[in-house]
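Subject: Structure handover

Hello,

Please find the structure below. My notes on it come after.

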Amino acid sequence: MADPIRAVQAELDDLTEELFEFLRIPSVSARSEYAVETRAAAIWVRDHLKTAGLKASLVETDGHPVVLGEWRGAGPDAPTVLIYGHYDVQPAEPLELWTSPPFEPEIRDQRIYARGAADDKGQLYLHLKALEILLRTKGTLPVNVVVVAEGEEEIGSAHLLPFLERNRERLACDAIVISDSQMFSPETPSLLFSLRGLSYLEILVRGARSDLHSGAYGGAVPNPATVLARLLASLHDDRGRVAIEGFYDQVVEWDAATREGIRALPFDEEGYREEVGAAELSGEEGYSTLERLWIRPTCEINGLLSGYTEEGAKTVLPARAMAKVSFRLVPDQDPEEVAHLLRRHLQRLAPTSVVVDVHELHRGLPWRGAPEGPFFEAARSALARTFGSEPVLTGEGGSIPIVSDFERVLKAPAILLGFALPGANMHAPDEWFPLPHLELGIATLIRFYEELARTGD
Ligand code: BES
Ligand code: MN
Ligand code: MN
């Protein structure tokens, strides 16, 4: 019978063209004007699951549909693997900073450039293709497979948890497999031991009824921009720690082995600094860069808006000031509790001359995985065989809020193996995915199933 890995190599040109077709669909979940295209991406995934030989359908929600695929050919006694990915992408703006248009994929220097190439359409495609090629060449899989592809990951997955809870039995599985992250370096694949959680809030400070002449009124009327600046400045102390009372109370110290593992990684601090282009790196005192990114919580101002910001000068006393602030969280912090602590902090400090409102935009629990078990081992060995070096254990500063919910609701471990590379420009202009990882990613996933077949014997 045909060798599936050979099939991948033989079909590489067709695979690239097919992935391009997927990437050309502007499935920007955040924008209502792209609702039809976002749905088109869901239909594209469903149709590819069907072609691969899975039963597949769109499950409607109050938002973008969930694509559900199932292959139960291994029988009720065989384990079940659930594959999760997202077909939605972040907005591509600012468009003028892209070298080639975001929804017209292009290969340059062995990289596929397009919005979603790395996050996450390119990586979801690897899974669809591995299943298709295995079913075509072998006619079977060693495990049952459930695919859940959502279209709202980039806007907070509001409708996915209710979907999981409604379908707990149907989605029952022994492991959840996700490719929506990156490798440690081009030579070194990785498996994740953590993702940070997220609490994303908007702070609105209101003063006068409307904008006022800053000379005629300034000095006698509260300035919301000044108040907001002081409030934002109070969020950190001068050692880079978050200065909100109680913020660190639930943070658990990591085990010595994990911290030792992080320290042992060959991380190029200066190369990282150069890549981001800042004069110096900065963060919480007493922690290395990787620790700051992976196992420590943060508070970041993501956006600021107030007063006159166009060309030239306009003497105006703004009526409002707004900031978007996000906290990245680590176990066992809870986004709801963090939102509460922020509200209390602002209430204590804000003068009574203004009104301060806090709206929650996103929340997600942090995730900490147990790097063990047959599925983890199968992934480890598949990565090692394909990339020629053992994967390292890494954390991840970004968030995939549904991962903790998956583990809790389905009572199965999540395995996160990503194929993007550092500097992939996720959410930024010129997002890219390494062209060679199209082949290597599919090959890894094929070997993952082969390993599972072996352990099942
Ligand atoms: N795939 C990313 C998370 C990620 C980023 C993993 C970088 C590994 C490396 C995911 O799509 C994402 O962007 N998550 C958002 C969550 C939010 C929109 C609720 C994030 O981390 O900001
Ligand atoms: Mn993603
Ligand atoms: Mn993303």
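The notes below cover conventions, the metal sites, the domains and some local contacts.

This is a predicted model, in which local features need pLDDT of at least 70 and side-chain atom pairs count only at pLDDT 80 or more, while totals for chains, interfaces and linings use all residues. Residues are numbered from 1 along each chain as its sequence is written, chains are lettered from A and ligands numbered from 1 in the order in which they are written, and side-chain values use heavy atoms, with hydrogens and water left out.

Metal sites

The manganese ion (ligand 2) is coordinated by His86 through NE2, by Asp119 through OD and by Asp180 through two OD entries, at 2.0 to 2.3 Å. Donors here are N, O and S atoms within 2.8 Å of the metal (3.2 Å for Na, K and Ca); water is not among the atoms, so sites may look incomplete. Along the chain, the donors of this ion follow the spacing H-x32-D-x60-D. Asp119 sits in the loop between β5 and α4, and Asp180 in the loop between β7 (175-178) and β8 (190-192), so the pair links parts of the chain 61 residues apart. Helices (H or I, at least four residues) and strands (E, at least two) are DSSP runs, numbered from the N terminus.

The arrangement around the manganese ion (ligand 2) is irregular, because its 6 donor atoms subtend angles of 58 to 169°.

Asp119 coordinates both ions, which are 3.6 Å apart. At 6% relative accessibility Asp119 counts as buried, and Asp180 is buried too. His427 is partly exposed, at 42%. The cut-offs are under 20% relative accessible area for buried and over 50% for exposed, with partly exposed in between (1.4 Å probe, protein chains only).

Domains

The protein chain is divided into domain 1 (4-195 + 366-456) and domain 2 (197-255 + 281-364); the bounds come from an automatic or database domain assignment. Their centres, taken over C-alpha atoms, are separated by 34 Å. In contact (heavy atoms within 4.5 Å) are 16 residues of domain 1 and 18 residues of domain 2.

Local contacts

Phe387 lies in helix α11 (residues 374-387) and is buried, with a relative accessible area of 15%. Leaving out residues up to four places away in sequence, Phe387 touches Met183, Pro189, Phe419, His437, Leu440 and Thr444.

Glu18, Glu21 and Phe22 in α2 meet Ala41, Trp44, Val45 and His48 in α3.

Arg454 is in helix α13 (residues 436-456) and counts as exposed, at 51% relative accessibility. The C-alpha atoms of Arg454 and Pro429 are separated by 42 Å, at 25 residues apart along the chain.

Regards

How values were computed: Four donors count as tetrahedral if all angles lie between 85 and 135 degrees; four count as square planar and six as octahedral if opposite donors are over 155 degrees apart and all others between 65 and 115; anything else is irregular.
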